Amino acid sequence: MMIFFINRSVIFYILFYAAGIIFDNKGDIGYNNKICFNAIRRKPMDMAKTYNPSDFEKKIYEEWEKEGYFKAKISADKIPFTIVIPPPNITGQLHMGHALDETLQDTLIRFKRMQGYSALWLPGTDHASIATEVKIVEQMAKEGLTKNDVGRDGFLERAWKWKEKYGGRIIEQLKLLGSSCDWSRLAFTMDERCSKAVKEVFVNLYEKGLIYKGDRIINWCPDCKTALSDAEVEYEEEDGHLWYIKYPIKDSDEYLTVATSRPETMFGDTAVAVNPKDERYSGLKGKTLILPIVNKEIPIVFDEYVELEFGTGAVKITPAHDPNDFEVGLRHKLPVVKVINDDGTMNSFAGKYEGQDAVLCRENVVKELKEKGLLLKIEKLHHNVGHCYRCHHTVEPIVSKQWFVKMKPLAKPAIEAVRKKSVKFIPDRFSKIYFNWMSNVKDWCISRQLWWGHRIPAYYCDDCGETIVSKTDVTVCPKCGGTHIRQDEDVLDTWFSSALWPFSTLGFPEETEDLKYFYPTDVLVTGYDIIFFWVARMIFSGLEHMKRIPFKDVLIHGLVRDSQGRKMSKSLGNGIDPTEVIAKYGADTLRFSLVNGVAAGSDMRFSDEKIEGARNFMNKVWNASRFVLLNAEGKTIKNVKDCKLSVADKWIVTKLNKTVRDVTLNMEKYEMGIALSNLYDFVWNDFCDWYIEFTKPVLYGDDENKITDTVSVLIFVLDTIIKLLHPFAPFITEQINKNMPNRSGSIMVAEYPRYDIKHNYSVAVAEVETLKEIIKSVRNVKAKTGAAPSKKVNLFITAEKAQRIKACALYIKKLAGVSEIFFISDKSELKEKVVSQVISGAELYIPLGELVDLKKEEERLNKELENVENEIARASGKLANKGFLEKAPKNLVDAEREKYDKFIDMRNKLVKQIKDLKG
Ligand SMILES: [Zn+2]
Ligand SMILES: [Zn+2]
């Protein structure tokens, strides 16, 4: 039906709709014959007339759990396939980001389980040090209490209670989603096992000299009052100022101009640095400056770090409050003077400004400098300012005594592992981000001034000053025998325990059977936002402590955004609550709408339309399944290889086989979005739109053998569909599976379909494609000529391969409303006026008298001629375009030529038809 290419789908739709043979767009299968519903039923089918997931989702989940299908068994004759869940925070509630993350993991684990792997999806939660502590502090504030009021033990008691009460919330929500996690292995980053691993690793690293305590510049959040690692600081562009301040040179009238964006830190200046190559300052060697306001003498130091172009080329050095200055200070042995307190106020070094907030102090310092004539000028500055990822307060670089992990030696093998592709990022572009981060990584500050978390296993002896790092509690000093022992007050960065997750959850440091069998894991599924926080740290931790990579593949997904592409957030009020979607539409619909169109590494847009599309598909599957199951009731179901297959059967079996292959290959490549769309196309277009319609003339006929064979094929196709669909939509497929006549246990543990080389009937496929064209053409002719779709007409066909069409005559008659089909060798055999249709390999004629009105028909043919002329013009334009001919791939050019020839052929036929009509 090449002629109607422009608006074919629209016409097709109207026509089908009018004929009552198409479903509406809510996914209902439309039956042109409702007898099937009245068929005698031997056994009541447990599938309501309308799809209502709340009838069965919870029940099915309970059954799965009870039967132990989620539990992964160590089995010598099975290959393990392991995923560890990115542990959600105990403070968390399921949001769309989790829903996507978990759906992708569940889809993979179900797929692998059906393929026969011993598939373990290990679940757990993270104690989320800062996030949880903030919650507890807020809760106490409501009672008028502070941390100090209740003390460390009292606080921890509250935190554990909170964890018991709310920590399981997200687990329950994961269950609603259908997650097939092995709950018998549920872990928590602060449970006994994980805590043991944390101590083991801390002590090991300490003993290897890879953990040390030292004075370093760290990122300090004055609001959370804790150190932050580099990964926990978010940089944002902000408008600021550059103040040019005169630093007088001692014993002279001259001065050196220093540019700074933070004048309030000048109380902590212990030098001014210039670049040794800077000729402007070559005469300053040995000179001393007077620090304004403070009136203290400070040296001029020469250091390569100073950029010649920045400001005046002279920079003040404040080692206690700037990471680069700290390094300069170390090189030149400068004193470190800390002037800002942990709460963000100025200390006694700021003199009369002591106690003032640093921001206010800055204003006052600038005012005083101006009054003293020491402020030369102010420039606008656009610069990056760090903020706390938790509370968003401006981060203060502060020198402080903290615990650090020495990163360089750990990063090296971790970079190598990704470079050698032992660990693969999907998509690969994220490995660049990883390399960039890991090659420039600084030592990791792991101590946090919090109470909720793993307390650092370091002890101090007050009698002799010894530091003892130990896996077990220390009460007596091993050096002096003293008993005045204190444990370090700080806890570890929350990510310290998450970094051990792939092996701590499997039993490390014990060499458990689980660890031996399930480690390394196979794939980590996570968002790109935690590559540094988590993925990188798991890689070096696995390599260091297990001597093996923690996972082979890292599947990175993007964020779930709203329909306009904005981040979902509380403040915008644009978030969609996945639990609400589940309550309203069911988990399968939510899962389908998340995976549909998902592409690794890319953000996705989520909208109500997506949910609607998914729900329509579920309805479609439900209704098609009911049709098949109702027709199968009381019938013998044969093995397809024992059936006499009709051309339509062969066609659908071939299409199905190809779908099995495509879906499987795409799943193996983590292209879940494409796999789902392969399946969607098959179910919606091939199976529901066409095959089910093809079966009706047989099912409503009286040839019992044919009916048995057709029902057997329907059951075979449906059975394969639900197996392919199960990883994506576990509940609906299980519910259908329960009603299958050939059911053998849960679909969760059914064997995944395999591609079968025997199921390729290429001749049948060609025949059915022609058949579809003929049916669509006849329907179109009726629509265009205004004839009712049900109006019976005679159809005359000239075709090269008439025999093939003859085999399909029954379908044409039933599906296109044709009374008789006549094969003719030439149009001249027809005495009456006819409407013609040109399709590939055949011409169709319908007596005009059976349809209508000559004039209209002439107009219609002229319109088609016009369309074809346009196509010819387009194609010849393209073929005359040198650029196209030279640059386009050969197959494209050939295809264009072929199209051109086809259009010319069509034009000739149309011209002739118009002439005939007039004649
Ligand atoms: Zn903060
Ligand atoms: Zn001691």
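Student: Is C391 buried, partly exposed or exposed?

Tutor: This is a predicted model, and in it C391 is partly exposed, with a relative accessible area of 28%.

Student: Which zinc ion has C391 among its protein donors?

Tutor: Ligand 1. The protein donors of that zinc ion are the SG atoms of C221, C224, C388 and C391. They lie 2.2 to 2.4 Å from the metal.

Student: And C388, buried or exposed?

Tutor: C388 is buried, at a relative accessible area of 0%.

Student: What geometry does the site of ligand 1 have?

Tutor: The site of zinc ion ligand 1 is tetrahedral, with angles of 99 to 115° among the four donor atoms.

Student: How are the donors of ligand 1 spaced along the chain?

Tutor: The spacing is C-x2-C-x163-C-x2-C.

Student: Now ligand 2. Which residues are the protein donors there?

Tutor: C461, C464, C477 and C480, each through SG, at 2.2 to 2.3 Å from the zinc ion. In sequence these donor residues follow C-x2-C-x12-C-x2-C.

Student: What is the geometry at ligand 2?

Tutor: Tetrahedral, and the angles among the four donor atoms run from 107 to 112°.

Student: Where do C477 and C480 stand on accessibility?

Tutor: C477 counts as buried because its relative accessibility is 2%. C480, at 40% relative accessibility, counts as partly exposed.

Student: Switching to salt bridges. How many are there in the whole structure?

Tutor: A search of the whole structure finds 60 salt bridges.

Student: Start with D106. Which residue is its salt-bridge partner?

Tutor: D106 pairs with R110, and the closest N and O atoms are 2.8 Å apart.

Student: Where do D106 and R110 sit relative to each other in the helix?

Tutor: Both belong to helix α3 (residues 96–114). D106 and R110 are four residues apart, so about one helical turn separates them. In general, an α-helix has 3.6 residues a turn, so residues three or four places apart point the same way.

Student: Are D106 and R110 buried or exposed?

Tutor: D106 is buried at a relative accessible area of 0%, and R110 is buried at 1%.

Student: What about K424, which residue does it bridge to?

Tutor: K424 forms a salt bridge with D553, where the closest N and O atoms are 4.0 Å apart. K424 lies in strand β15 (residues 424–426) and D553 in strand β23 (residues 551–557), so the pair ties together parts that are 129 residues apart in sequence.

Student: What length does α29 reach from first C-alpha to last?

Tutor: Helix α29 (residues 890–918) has 29 residues and reaches 43 Å, close to the 42 Å expected at 1.5 Å a residue.

Student: Next, Q735. Which backbone oxygen does its side chain reach?

Tutor: The backbone oxygen of D46, at 2.8 Å. Q735 lies in helix α22 (residues 730–738) and is buried, with a relative accessible area of 4%. Leaving aside neighbours within four places in sequence, Q735 is in contact with D46, F56, I60 and W622.

Student: Last one, L543. Where does it lie, and which residues does it touch?

Tutor: L543 lies in helix α15 (residues 531–546). Not counting residues up to four places away in sequence, L543 touches P413, A414, A417, R548 and I549. L543 is buried at 19% relative accessible area, because buried means under 20%.

How values were computed
Residues are numbered from 1 along each chain as its sequence is written. Chains are lettered from A and ligands numbered from 1 in the order in which they are written. This is a predicted model: local features need pLDDT of at least 70, side-chain atom pairs count only at pLDDT 80 or more; totals for chains, interfaces and linings use all residues. Side-chain values use heavy atoms; hydrogens and water are left out. Donors are N, O and S atoms within 2.8 Å of the metal (3.2 Å for Na, K and Ca); water is not among the atoms, so sites may look incomplete. Four donors count as tetrahedral if all angles lie between 85 and 135 degrees; four count as square planar and six as octahedral if opposite donors are over 155 degrees apart and all others between 65 and 115; anything else is irregular. Buried means under 20% relative accessible area, exposed over 50%, partly exposed in between (1.4 Å probe, protein chains only). Helices (H or I, at least four residues) and strands (E, at least two) are DSSP runs, numbered from the N terminus. Contact means heavy atoms within 4.5 Å. The expected span of a helix is 1.5 Å times one less than its number of residues. A polar contact is a pair of N or O atoms within 3.5 Å; within protein, one must be able to donate a hydrogen and the other to accept it, and residues adjacent in sequence count only if both atoms are side-chain atoms. A salt bridge is a side-chain nitrogen of Lys or Arg within 4 Å of a carboxyl oxygen of Asp or Glu.
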